[in-house]
Amino acid sequence: MPDHDALIIGAGFAGLYQLHLLRGRGFDAHVVEAGADVGGTWYWNRYPGARCDIESVEYSYSFDPDLEQEWEWSERYAAQPELHAYARHVADRFDLRKDITFGVRITALDWSEDRREWTVTGDDGSVRTARHVIAATGCLSMPSRPDFPGLAEFAGELHRTSNWPSEDVDLTGKRVAVIGTGSSGLQTITAIAPVVGELTVFQRTPCFAVPAHNGPAQPRLAEARGRYREIRKANRLSPDGFQCHNGQIPLLDTDPAAVHAEFDRRWETGGLCFDRSFPDILTDLTANETAAEYVRSRIRAKVRDPELAEKLSPRTYPIASKRMCVDTGYYEVFNRPNVSLVDLTEQPIRWFTRRGIVAGDTEHDLDVVILATGFDAMTGALDAIDIRSGGRTLREKWARGPRTYLGLMSAGFPNLFLVCGPQSPSVLSNMLTSIEQHVEWIGTALAYLKDHDRTRMEALPENEDNWVTTTNDLANLTLMPRAASWYLGANIPGKERVFMPFVGGVGLYKQVSEGVAAARYHGFDLS
Ligand code: NAP
């Protein structure tokens, strides 16, 4: 018999719930985690200003009503220390740590068809066997590593937002550069600008950011506690996995004054629902440009120098085709005398020196460089593991883009489940909603196998092909593939450009995946 019924890779929000759920159903499950503690994303991304972009009352577990009632969120959008404390609390509350091995990174998975088990190897040389492996490895957990010439020569401090030191980093009065203006860069820039001596922001592509209007979690928390079951149910059936009013009337059929009023209203509310004002924002370029221009007008209103405002205004991709950012005073930072912007489209980074960065013809002298350059999204964490089955690796199979059935399994790799894998809604949704739905789907599938004396489950190639085609076709109905985004793998040199998430929404996905389960796992081979 294998060592475990299920081995779970990763002790982030997905791995913790998967362990709790499987244990509760009588499985012997064990988690292996590379970090020294639980929390996943919220363990590694400890950079200044890190916080969630979905309101905490919804970016939280729904599986335990007592937990919902007892955990006190302090802010509307919780910051990293509070999110990490929440993960630690959950691990302790449900006594999860006794089944977690910390500080071991899984390097290889090898499937034995004879024994119907995976052999799981860690970077400490440990070997475990498990009937099933569940990759709760995160969609944004493998940092990208841009190859800047001379980076190793730089004599100052170098930090990455994706693996920020756990000890204090004192930036007071220093000359600091941030490379990257996605969500991580934005949050870092906003948090450190008042502290550092000089801040130089190296921007390759500007982002669209809507205000968070962060503040105390109350009274929203009390209101949510009164009707949590209703909210969670609605979230599972919604497009995005969180409370958002999705406008039904196309922008192009709406009076311009009413369009403006609706944008104003959403801007004042704050958060990611801005792009849900009208259904054609993500399907029609004219509607999209109207929304984009509204945000640019807001940028112009916030940034005093018109030339700088223009540089900060995105013009090269449709709004919301890259993940929008949720900010707390980002644009205003550029009115500070100690903050400057280097537009890399005009002055590309040429190389690093001992003293700093040469961009265009200018050498920038720096004490600290912070890389906020993103992730090898959705496939990076799995590609980093040597996953072998039937003489083939998953890496080879996915070389032309990931292929899954429902984002849950990949044909040819039996008994390997993915939590929020490619071709599932995952990163386009509230991750907590999608994580819980996947964890529960996987738990139910394992229970079904056990109850029916089956030891092997595999996605069938033809169903996988259909699902991949469906997800690609759906994405192509939208403007989303038009941006060179990490959704497409466009941020990683040499990565095949394939739109990876399922754009059909959380509710539709739930209906399909649960319909498949109800039809005795249609499209999967169970033996
Ligand atoms: P990101 O969105 O991919 O941003 C990376 C930034 O680095 C981009 O501005 C990118 O420019 C730039 N960049 C990458 N390589 C570069 C190079 N070689 N030279 C110069 N610039 C380079 O990554 P992220 O900010 O870590 O965010 C990733 C995702 O994580 C987000 O979209 C979001 O889903 C999630 N996240 C969420 C939060 C939150 O608020 N809860 C916070 C952080 C992250 P290009 O755009 O030109 O590629």
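Okay, quick definition before anything else: a polar contact here is a pair of N or O atoms within 3.5 Å, and inside the protein one must be able to donate a hydrogen and the other to accept it, with residues adjacent in sequence counting only if both atoms are side-chain atoms. Now the caveats: this is a predicted model, so local features need pLDDT of at least 70, side-chain atom pairs count only at pLDDT 80 or more, and totals for chains, interfaces and linings use all residues. Residues are numbered from 1 along each chain as its sequence is written, and side-chain values use heavy atoms, with hydrogens and water left out.

So, which backbones touch the ligand's nitrogens? R51 has a backbone N or O atom 3.1 Å from a nitrogen atom of the ligand, and for D53 the distance from a backbone N or O atom to a ligand nitrogen is 3.2 Å. Taken on its own the ligand has 900 Å² of accessible area, and the protein covers 87% of that (Shrake-Rupley, 1.4 Å probe; for residues, only the protein chains shown count as cover).

Next, the shell: there are 24 residues around the ligand, and T181, S184, R204, T205 and K322 come nearest (near means a heavy atom within 4 Å). By class that's 10 nonpolar, nine polar and five charged (Ala, Val, Leu, Ile, Met, Phe, Trp, Tyr, Cys and Pro are nonpolar, Asp, Glu, Lys and Arg charged, the others, Gly among them, polar). Helix α5, residues 183-192, gives the most, with three residues (helices are DSSP runs of H or I, at least four residues; strands are E, at least two; both numbered from the N terminus).

Most residues other than glycine have a negative phi, and most peptide bonds are trans. Here, Q218 and P219 are joined by a cis peptide bond, omega about 10°, and P219 is in the loop between β10 (209-211) and α6 (220-225). C420 isn't a glycine, yet its phi is positive, about 60°; look for C420 in the loop between β19 (416-418) and α13 (431-451).
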